[in-house]
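Keep the sequence and the model in view as you go.

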Amino acid sequence: MLHTQSATEYWQRRGSLVHTDTQGNDMELPEGVRVYLWASSQHVGAADAAAGRGISQNPGNVVAVTALLRAMLDALNAWVTKGEAPPASRIPTPRAGTLVDMAGWRARFPAIPGVAVPHEPSRFALLDFGPQATEGIIDKEPPETVAGKEYTVLVPAVDEDGNDVAGVRAPMVAAPLATCTGWNLRAPGHGQGAMNETQGSTIPFAETAEARAMTGDPRRSVAERYADAAAYVAAIGAAARALVAERLMWRGRRRRRAKGPGRFGFRLG
């Protein structure tokens, strides 16, 4: 089994409980299971950068994970047909300090001017289905909430830019131009302040040191990270090649050039 989840799962769908117990402690995964976090990504895949904010406070998350998911198909196929083990799980953990409670997350997330942050991840109350629930018999429907008890829900810790530290960091996270999150908050008039379903955020860096100084943005600007466009291309290219080497990103395949005219009278490839 290969289980993948975005950063949104940790914020909106209690994703930490995939690999922790109900008190937030690490669990050992079975030998036949791998779990991967697509760091700083949103549940529904990369957003259209031109689509704008919609009813959210921030632009949508643009982290592309399609090539990561495609690599998982190859890894699963090789595991089943050849016995070739897939890459090791890549997840945040309490043990490593990369899966934290809300207080720990707030202590690390940068104070970006004009950007509000969630109050907390989606909580998970303990429910009472009746005394025979363990036998598969539900006596209470709807169930009752057990006062003062709930499951521990944790979220991925972030770096100085606000991007997830652990997990599989797509090239645009490893060589960033923005802070990308698994959460986005609703705009005024649309339930302001609540997390907006499964949407994430893209919060761009300032272009220059001067621009970020004017707003007090603590994150380094684009110009402070990359000397020029070529330097950025080199950085994101290196990140992509590293993931391909680890079998965590699909590099694609070259199309074979047709030797003669194609079906519609022109060459293919």
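Buried means under 20% relative accessible area, exposed over 50%, and partly exposed in between (1.4 Å probe, protein chains only). Helices (H or I, at least four residues) and strands (E, at least two) are DSSP runs, numbered from the N terminus. This is a predicted model, where local features need pLDDT of at least 70, side-chain atom pairs count only at pLDDT 80 or more, and totals for chains, interfaces and linings use all residues. Residues are numbered from 1 along each chain as its sequence is written, and side-chain values use heavy atoms, with hydrogens and water left out.

**Exercise 1.** Work out the span that helix α2 (residues 66-82) should have, and compare it with the model.

*Solution.* Step 1: the expected span is 1.5 Å times one less than the number of residues.

**Exercise 2.** Find the buried and the exposed sides of α2.

*Solution.* Step 2: they cover an arc of only 130° around the axis (taken from the directions from the helix axis to the C-beta atoms), so they sit on the same side of α2. Step 3: on the face turned away from that buried side, you will find the exposed T66, L73, V80 and T81.

**Exercise 3.** Identify what covers the buried residues of α2.

*Solution.* Look for contacts, meaning heavy atoms within 4.5 Å. The cover includes β1 (2-6), β2 (34-38) and α7 (229-245).
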